[in-house]
Amino acid sequence: MDASDKSQQKDAFKKEFIKKIEEVSGNCLADASVLKQYQALAELVMEKISAEWAQTNMQYNKQPTKQVYFFSIEFLIGRLLNSYINNLSLEEIVTESLDELGLDYEAILAQESDPGLGNGGLGRLMACYLDSSAAMKMPAHGNGIRYKYGLFEQRIINAEQIEVADNWLKNGYPFEIRKPDKSVIVKYYGHVHAENINGNLTFVHEDYEPIMAVPYDIPIMGYHNKTVNSLRLWSAEPIDGFDLPTFNQGQFLYAVRQKSEAEAISQILYPNDSGFDGKLLRLKQEYFFVCAGLKRIVSHYKRNNSNSVDGFGEKICIHINDTHPAMCGPELMRIFMDEEGLGWNDAWKMTVASLSFTNHTVMPEALEKWSVDMMSKLLPRIYMIIEEINRRFIEELDLNYPNDPDRNHSLSIIKDGQVHMANLSIVTSHSINGVASLHSKILREETFHGFYQVFPERFNSVTNGVSPRRFLMYNNPKLKNLLNESIGNEWETNLFQLKRLLNFINDPVFYEKYNAIKLSNKSQLADYISRRIGLHVDPTSIFDIQVKRIHEYKRQLLNALHILYLYNRLKENPNLEMAPRTFIFAGKAAPGYYYAKDVIKLINAIAELVNGDNTVNTKIKVAFLANFNVSLAEKIYPAANISEQISTAGKEASGTSNMKFMMNGAVTLGTMDGANIEIAEAVGPTNIVTFGLTSEEVSNYNKYGGYRSVDIFEQDPRIQQVLHQLVDGTFGFGLNFQSIYDSLLLYNDPYFVLKDFNAYTDAQNRVDHLYRNEQIWTKMSITNIAQSGMFSSDRSISDYQREIWTVK
Ligand code: GP0
């Protein structure tokens, strides 16, 4: 666009904006608060998106193509305004106009609440997949729950995590459209009986408790391509507001209770990551969005298909993100049979053809198993269908593998009074995949080995990916500009093009520019740290970062114990030669996961000890940043030198922060786990620092024994010192970490922290030496960016397209 064009567009934008300000605030620009400025900008942007949204929907209806629907109990979408503005190519017009009006774009963006509708990687993955589908003009949409309260806000008070409710909707939310005309009634409880209607056996559900599911749609916009897909989040409401007859009888409290019981279903996100607790309300949530989502998908399909469900299995992909939406299988069967009048076999073929399933973890405590008693009462028809699915499945097993009761038992969907949701998901889907090569291999060989023997053709693998828009282009604009000026902009739509950076791999001029950007990003994070926790950290120190949910298998504890050990070394020898380091942590613990909360407390206690000690704090500092969420993550990755990915091998299905760090030039310090293995392959052994047990070694110890943590403790005085400090008052009165001490010694260290301790300290030493050679480190860092192309979620989505949905 030429200069006069641009100034015309800016003038037009300013006029629209000023008018919007008046509309939303009843004030003129000079008197409008930053919140109102944000609301005005958001509404303006939403108007611009809406036209393209309507257009995309019309196109999908005009030429019905294959549609993909992601069902997920979490969508961790992050803030949207800046992404929309960039995706619309309006960033220059908007930022320059606002600047000319004397307004602060960054401050306006900061007014947006960050919807915490997910716990971590699993929900964020869905958001990246929606982003990539739209970027690739693929018709893919999301179905989930519009939780009134998202994941709790974390505060750190006296070193401990305190949870505060996340009222993310308190100022309204400008990017959703409520569609009451598309509401669906979801039925719970009641009784099912078979009736003979016109000679057909029909199942009738009576005496049920109806709940209204009301959809809110959020536009998911592609990158510079006018494609706008939809994320549909369902909200639970009572059928007619207050129950009027009850109300009139004066039973006001009863009526209010009914209302809040209905609303309870979409009230709050369960804050457990990789952990299952079989609460009734959670089961209600799972059926809620499955039932409502499928109902709308089927009726939409019929509208474009002469009122028939014929061909549904070839045209509609229902993708279930982990097992929380596993009732999609039986619910589709119910719709096809009870509402569309199909027989079992036809319904079954379409269901299996349509469904595919991604598993996200091998942690046994995450496996969902619902009690038969609870499920059959709450969802009588669904339970009945699951029983029949299981009966037919076992019958088939008996045919193919006669006299094998052990196999029948191990693969059974219903056993020991429980419904096994992973088994249900596998039996009802044509595809099941893991999220990295190693993970998929473990699924085939261990977790789901029995199913792999029966259905080898159903097993797939798609390595996770992350959105390069959100996690490179928009959150690291300086790096983006350097990339554009060095290798052109093709990488923006094909991340593999980052390989062109290898042309600069020995270019001192490029190094200088690159290192200046990294330093400036680190200074920005240092400012944030000083504003948030009053800690001054040196931007020239190594930024060594571990940000993710706090979980034993992720081993934040290993990182913490190493810092304590370094502290001890520095106390002995304050002149120890080492590059200064800033250790940065962030992450939430599930409110009921006391051990994980103790780890948070330990990290904060170590921070206090280290940061306050003048003999060591010029060499090391420790920062725990409260309330890790998507917005904070975006600030952190561009400033990282080291990406800590140190899970016990075999436990982290993929990891996705490893990819976000890599794209921003951090070097991985990691175990051979999840996608770390593929990162190592991509960059080569000299551009990553790996250490520790392999997943095979871990699995052998678990199977055959042979590891005694006490032996390691007895042989290693460094470990003895550090473990004693956990319980000897080092951290001051009342700060005692007996639970951690016991887990490591009394309970034989189930996550191999002590076993890997020596390898980890060695690896940390290697990191120190590598970093002190600027030439080598810069080369490692740039190589990581150059090889990060395969970790774009655009690549993941094309793999799903080709291997699983077979969308043309
Ligand atoms: C897996 F089972 N993940 C779960 C869960 O409840 N929550 C969750 O976030 C994660 C895995 O831990 C992962 O390895 C993976 O990459 C992610 O799902 C997406 O597949 C962490 O990043």
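In what order do the strands of the open sheet of 3 strands stand? The order is S13-S15-S14, and the pairing is antiparallel. Two strands count as paired if DSSP finds at least two bridges between them. Strands (E, at least two residues) and helices (H or I, at least four) are DSSP runs, numbered from the N terminus.

Before going on, a note on the source. This is a predicted model, in which local features need pLDDT of at least 70 and side-chain atom pairs count only at pLDDT 80 or more, while totals for chains, interfaces and linings use all residues. Residues are numbered from 1 along each chain as its sequence is written.

S13 is joined to strand S15 (residues 418–420) by 3 bridges, and the two run antiparallel. Within this pair, tryptophan 370 stands opposite valine 419 in S15.

Now the overall layout. The protein is divided into domain 1 (1–63 + 80–113), domain 2 (64–79 + 114–464 + 799–805) and domain 3 (468–694 + 757–790). These bounds come from an automatic or database domain assignment.

Two packed helices are described by the angle between their axes and the distance between the axes. The axes are lines fitted to C-alpha atoms, for helices over the stretch in contact, and angles run from 0 to 180 degrees between N-to-C directions.

Helix H1 (residues 3–25) packs against helix H4 (residues 91–100) at an angle of about 65°, the axes being 9 Å apart. Their crossing is right-handed. As to that term, a crossing is right-handed if the near helix is turned clockwise from the far one by less than a right angle, and left-handed if anticlockwise. On the H1 side, the contact is made by Gln9, Lys10, Phe13, Lys14 and Phe17; on the H4 side, by Ile93, Val94, Glu96 and Ser97. Contact here means that the C-beta atoms of two residues, placed from the backbone, lie within 7 Å. By class, this contact has 4 nonpolar, 2 polar and 3 charged residues. The classes are as follows: Ala, Val, Leu, Ile, Met, Phe, Trp, Tyr, Cys and Pro count as nonpolar, Asp, Glu, Lys and Arg as charged, and the others, Gly among them, as polar.

H1 also meets helix H2 (residues 34–62): their axes come within 8 Å and cross at roughly 115°. This crossing, too, is right-handed. Among the residues that make the contact are Phe17 and Ile21 of H1 and Ala40 and Leu41 of H2. The contact of H1 with H2 divides into 6 nonpolar, 3 polar and 4 charged residues.

Next, strand S9 (residues 209–221), which pairs in the antiparallel sense with strand S5 (residues 177–178) over 2 bridges. Strand S6 (residues 184–188) is joined to S9 by 5 bridges and runs antiparallel to S9; here tyrosine 188 stands opposite glutamate 209. S9 also pairs with strand S10 (residues 228–237), antiparallel and over 10 bridges. S9 and S10 form a hairpin with 6 residues between them, and histidine 224 in the turn has a positive phi of about 55°.

Another open sheet has 6 strands in the order S20-S19-S18-S21-S22-S23, with parallel pairing. Strand S20 (620–625) and strand S23 (689–690) are the edge strands, each pairing on one side only. Strand S19 (residues 581–586) pairs with S20 in the parallel sense over 6 bridges, and alanine 586 stands opposite leucine 625. Helix H22 (residues 556–572) lies across strand S18 (542–547), S19, S20 and strand S21 (642–645), at about 150° to S20.

How do domain 2 and domain 3 meet? Their C-alpha centres lie 35 Å apart, and 40 residues of domain 2 are in contact with 32 residues of domain 3. By class, the side of domain 2 that touches domain 3 has 14 nonpolar, 17 polar and 9 charged residues.

Last, the ligand. Both domain 2 and domain 3 give residues to the shell around the ligand, so it lies between them. Of the 18 residues around the ligand, Gly121, Leu122, His360, Thr361 and Ser654 come nearest; a residue is near if its C-beta atom, placed from the backbone, lies within 6 Å. The shell has 5 nonpolar, 11 polar and 2 charged residues.
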